[in-house]
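Try each task with the sequence and the 3D view open, then compare your steps with the worked solution.

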Amino acid sequence: MVGAVVTAVVVVMVTMTERGMARLDHRYLDGLQVCRFPLLPLLQPLPLDWMYLLYAVMALGTWGRPCHHPTALTPPRCHPPCPHSSIDGLFRPQKRNAHVPLWNYTLLRAQIFIVYFIAGLKKLDADWVGGYSMGSLARHWLFSPFRLVLSEELTSRLVVHGGGLALDLSAGFLLFFDATRPLGLVLVTYFHCMNSQLFSIGMFSYTMLASSGLFCDPSWPRRLFSRCPRWMQGVLPTTAPPQHSPDCHYGGRGAARRPALRQQLAAAFTLLYVLEQLFLPYSHFITQVGVFTQTRRWKDHADMLKQYSMCLSQILPQYNVSQPQIYFDIWVSINDRFQQRLVDPRVDLVRAEWSPWHPTPWVLPLLLELSPWREKLQELESGLDGHTDVVFIADFPGLHLENFVSEDLGNTSVRVLQGQVLLELVEQQRNHSLQQGDSMQLPAGQYHKVHTVSARPSCFMYTYVNTTAVALERNLSRLQELRDRLHNGTETEPLPPE
């Protein structure tokens, strides 16, 4: 009951904030032309008034959940429900304060266990084990206590990555067994409280916190309510022992009847459901959606890029753009790798093919063969002075990167780390061939193109100095020195007019 109320309150709050009920007039204004990303392209939002009604039903629906809630608890065969929040208990007296079949509870407990355990298995990859997936997370203030005894690098590797992996793999087991459950509850509570501050993941952390009661002794809600003042007993769930339910099979010695067909089917359904939940996280081979699906950004999903292109192609003719062609040149860097392209910039996505049942040809592969470069890139970056910045780029054969060097960027140069490139200075109409290890100064205020002409991907790096930022820092230092001399009375020269 307690967990059900907490979850319902959280869902109502999230419906108003994260799900956007408070901003429906901006999101679903009638007549507003906006490109959306539904699962089915033909699916369109309802008129604004109906969207308000839909969201209201979503919010109110959380209070009508049956007592088979993740916080409802069970003994080996059945469990005492939360009768005051059960819709079916209002209409069927035999279900009020009665046991609930074990398979209901098993589904919920197994679902929470799978969330933890599969998350741990998914972390057994080179990026997470190597400490690259959340490289900057150790700088967050929540990890300040760990940085008192560990360096930032060790905090990232041992606490963020190692601790996250160990917790996900062990949390379900710690919560399942009586001897380790107190430790498990402490760890998962701390874990989800931290996640609620580290990430914008909506109600997930709070739902998992409310669901932790699944693994506790079934009698804890009754013991809690029995200690409440008598004047509260009228509004709290009853603390009387639960009655037997006709839906349960109690077994035991001398049980005359075997489980009914309905109970056998429920057991089979439970087993099939759990197996399905174990399979779904590894079902990506069914839909060939590519490797860039680690974020919620639409640009990282081929299906959303296709939908967005089709949507724009329908809107642009209203602005006198007939037969539009849409190309994307998107660069990403995953877990401290080189910056690389996500899609082929030569493909018109309005006319490009896409299907979930075969690989998308215009989605470029993640350059996993360049992963060993990450330590070398860190060494190169650490060897630079405090005023020099660096960008590491990897590009595919046959493609080129067009770039502009701002006037603010002084001493900008490009250095080839692997492969062969052709550097084209656009305004000067000159080409320079650069091999591995070659570097070249780039003129400021001009465009240039870096063509990859080698048979394998090229890797190169830009180094540059933001002269405007350096000059500002220098002027601030002089101003600070002048102010100190004025305060100390040691300044004898007249102040400059600026």
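**Exercise 1. The second largest pocket**

Task: In this predicted model, find out how much space lies in the second largest pocket and which residues are closest to its centre.

Solution: 
- Start with the volume: about 1,100 Å³ of space lies in the second largest pocket.
- Next, look at the centre. The lining has 32 residues, and those closest to the centre are Arg-36, Phe-37, Pro-38, Pro-41 and Gln-307.
- Then ask which element gives the largest share of the lining. Helix H13 (residues 302-315) does, with eight residues.
- Sort the lining by class: 19 residues are nonpolar, seven are polar and six are charged.
- Phe-37 belongs to a cluster in which ring pairs link it with Tyr-308 and Phe-328.

**Exercise 2. The second largest cavity**

Task: Work out how many cavities of 30 Å³ or more there are, and describe what lines the second largest cavity.

Solution: 
- The count comes to two cavities of 30 Å³ or more.
- The second largest cavity has a volume of about 40 Å³.
- Its lining is made up of Arg-337, Phe-338, Gln-340, Leu-366, Leu-367, Leu-370 and Ala-394.
- By class, five residues of this lining are nonpolar, one is polar and one is charged.

**Exercise 3. A strand and its partners**

Task: Find the strands that pair with strand E7 (residues 409-418), and decide whether E7 is largely enclosed or largely open.

Solution: 
- Take the pairing with strand E12 (residues 458-466) to begin with. E7 and E12 run in the antiparallel sense and pair over seven bridges.
- To see this pairing in the 3D view, look for Ser-413, which stands opposite Thr-463 in E12.
- Now turn to strand E10 (residues 439-441). E7 and E10 also pair in the antiparallel sense, over three bridges.
- Here the residue to look for is Arg-415, which stands opposite Ser-439 in E10.
- Seven of the ten residues of E7 are buried, so the strand is largely enclosed by the rest of the structure.

**Exercise 4. Aromatic pairs**

Task: Count the aromatic pairs, then describe the geometry of the pair Phe-143 and Phe-146 and of the pair Phe-404 and Tyr-447.

Solution: 
- The count comes to 13 aromatic pairs.
- Phe-143 and Phe-146 form a tilted pair, 6.2 Å centre to centre with 45° between the planes.
- Compare how accessible the two partners are: Phe-143 is buried at 5% relative accessible area, whereas Phe-146 is partly exposed at 27%.
- For Phe-404 and Tyr-447, the ring centres are 4.9 Å apart and the planes stand at 50°, so this pair is tilted.
- Phe-404 lies in strand E6 (residues 400-404) and Tyr-447 in strand E11 (residues 447-452), so their pair ties together parts that are 43 residues apart in sequence.
- Both partners are partly exposed: Phe-404 has a relative accessible area of 38%, and Tyr-447 has one of 42%.

**Exercise 5. Charges over rings**

Task: Name the ring that the charged end of Lys-123 sits over, and do likewise for Arg-374.

Solution: 
- The charged end of Lys-123 sits over the ring of Trp-128, 4.9 Å from the ring centre.
- The charged end of Arg-374 sits over the ring of Tyr-132, 3.9 Å from the ring centre.

**Exercise 6. A residue in a helix**

Task: Find the helix that holds Tyr-190 and the distance from Tyr-190 to Leu-209.

Solution: 
- Tyr-190 is found in helix H9 (residues 181-198).
- Its relative accessible area is 44%, so Tyr-190 is partly exposed.
- Tyr-190 and Leu-209 are 19 residues apart in sequence, and their C-alpha atoms are 9.6 Å apart in space.

Methods:
Residues are numbered from 1 along each chain as its sequence is written. This is a predicted model: local features need pLDDT of at least 70, side-chain atom pairs count only at pLDDT 80 or more; totals for chains, interfaces and linings use all residues. Side-chain values use heavy atoms; hydrogens and water are left out. Buried means under 20% relative accessible area, exposed over 50%, partly exposed in between (1.4 Å probe, protein chains only). Helices (H or I, at least four residues) and strands (E, at least two) are DSSP runs, numbered from the N terminus. Two strands pair if DSSP finds at least two bridges between them. On a 1 Å grid over the protein atoms alone, a cavity is a set of points where a 1.4 Å probe fits but cannot get out, and a pocket is an open set with protein on both sides within 12 Å along at least five of seven lines; lining residues have an atom within 4 Å of a point. Grid points are joined across faces, edges and corners, and a volume is the space filled by probe spheres set on the points. Ala, Val, Leu, Ile, Met, Phe, Trp, Tyr, Cys and Pro count as nonpolar, Asp, Glu, Lys and Arg as charged, and the others, Gly among them, as polar. Rings of Phe, Tyr and Trp (its six-membered ring) pair if their centres lie within 6.5 Å; planes under 30 degrees apart count as stacked, over 60 as edge-to-face and the rest as tilted. A charge sits over a ring if NZ of Lys or CZ of Arg is within 6 Å of the ring centre and within 35 degrees of the ring normal.
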